[in-house]
Amino acid sequence: METPSDPIPSAQGLHLRRLRDLTEFEVADDNPDVRGWAVRGADGRQFGQVFELIVDVDALKVRYLDLQLDESLGLDARDNHILLPIGVAALDEEADNVFVPSLTYESVALYPPYNEIQITREYEQSMLRALNLGLPEASTEPDFYNQPSYDAATFYQRRRLK
């Protein structure tokens with residue numbers, strides 16, 4: 001048996017997994033599965049669609065929407081995915097759209113691409129900076145996610161009013 005020469009990677013970010021990889025998880029019955037829904041910015045422009053949900057398996061909560069960007073944005077094809085913290089988005093009351101008021105063409109151009117890599121705290125902080133959102137004072141688990149950017153109630157509240 002060979003001994004790996006690379007050091008064992010840190011556990012940071014391993015609590016975040018794609019929903020499709022978690023066979024024992026599914027979207028809760030009272031919440032819509034938003035995969036495939038259009039994602040629109042402050043001006044109503046469509047930036048892409050929700051490709052996947054990124055789940056915090058320890059907390060049993062969706063933390064991020066994996067957004068596949070539209071080709072019309074003219075970005076590099078290998079950089080056509082970004083992650084959005086769930087609390088920066090809201091469900092559209094009228095149609096199956098996800099609305100992200102802080103998403104603009106300028107913010108997308110500065111956004112760190114997501115290439116299905118391990119999500120580090122530095123990556124999470126760079127996402128918040130690209131959306132001009134403040135960084136939390138606490139950078140440790142679980143305090144990092146105790147901020148409005150990760151509040152799933154904001155995301156689902158409009159849909160539940162129906």
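Asp 56 and Arg 63 are both buried (under 20% relative accessible area; exposed is over 50%, partly exposed in between, with a 1.4 Å probe and protein chains only). Their side chains meet in a salt bridge, 3.1 Å from N to O (a side-chain nitrogen of Lys or Arg within 4 Å of a carboxyl oxygen of Asp or Glu). This is a predicted model, in which local features need pLDDT of at least 70 and side-chain atom pairs count only at pLDDT 80 or more, while totals for chains, interfaces and linings use all residues. Residues are numbered from 1 along each chain as its sequence is written, and side-chain values use heavy atoms, with hydrogens and water left out.

**Confidence**
- The chain has a mean pLDDT of 80, and 83% of its residues reach 70 or more (pLDDT is the predictor's confidence in each residue, from 0 to 100).
- Below 50 in pLDDT, residues 1-11 have one contact in the model beyond near neighbours in sequence (contact means heavy atoms within 4.5 Å).
- Where pLDDT is low, the predicted coordinates should not be read in detail.

- Arg 63 is found in strand β4, residues 61-69 (helices, H or I with at least four residues, and strands, E with at least two, are DSSP runs numbered from the N terminus).
- Arg 63 counts as buried because its relative accessibility is 6%.
- Leaving aside neighbours within four places in sequence, the contacts of Arg 63 include Leu 16, Ile 54, Leu 84, Tyr 145 and Tyr 150.

**Salt-bridge network**
- The whole structure holds six salt bridges.
- Arg 35 pairs with Asp 33 at 2.6 Å, N to O.
- Glu 52 also forms a salt bridge with Arg 35, with the closest N and O atoms 3.3 Å apart.
- Glu 52 lies in strand β3 and Arg 35 in the loop between β1 and β2, so this pair ties together parts 17 residues apart in sequence.
- Glu 52 is buried at 2% relative accessibility, whereas Arg 35 is partly exposed at 30%.
- Through shared partners, salt bridges join Arg 20, Asp 33, Arg 35 and Glu 52 into one network.

**Core and helix α2**
- The largest nonpolar core has 42 residues, and those with the most contacts inside it include Val 34, Leu 84 and Phe 155 (such a core is a set of buried Ala, Val, Leu, Ile, Met, Phe, Trp, Tyr and Cys residues joined through side-chain atoms within 4.5 Å).
- β3, β4, β5, α2 and α3 each supply at least two residues of this core.
- The buried residues of α2 include Arg 121, Tyr 123 and Leu 128.
- They pack against β1, β4, β5 and α1.
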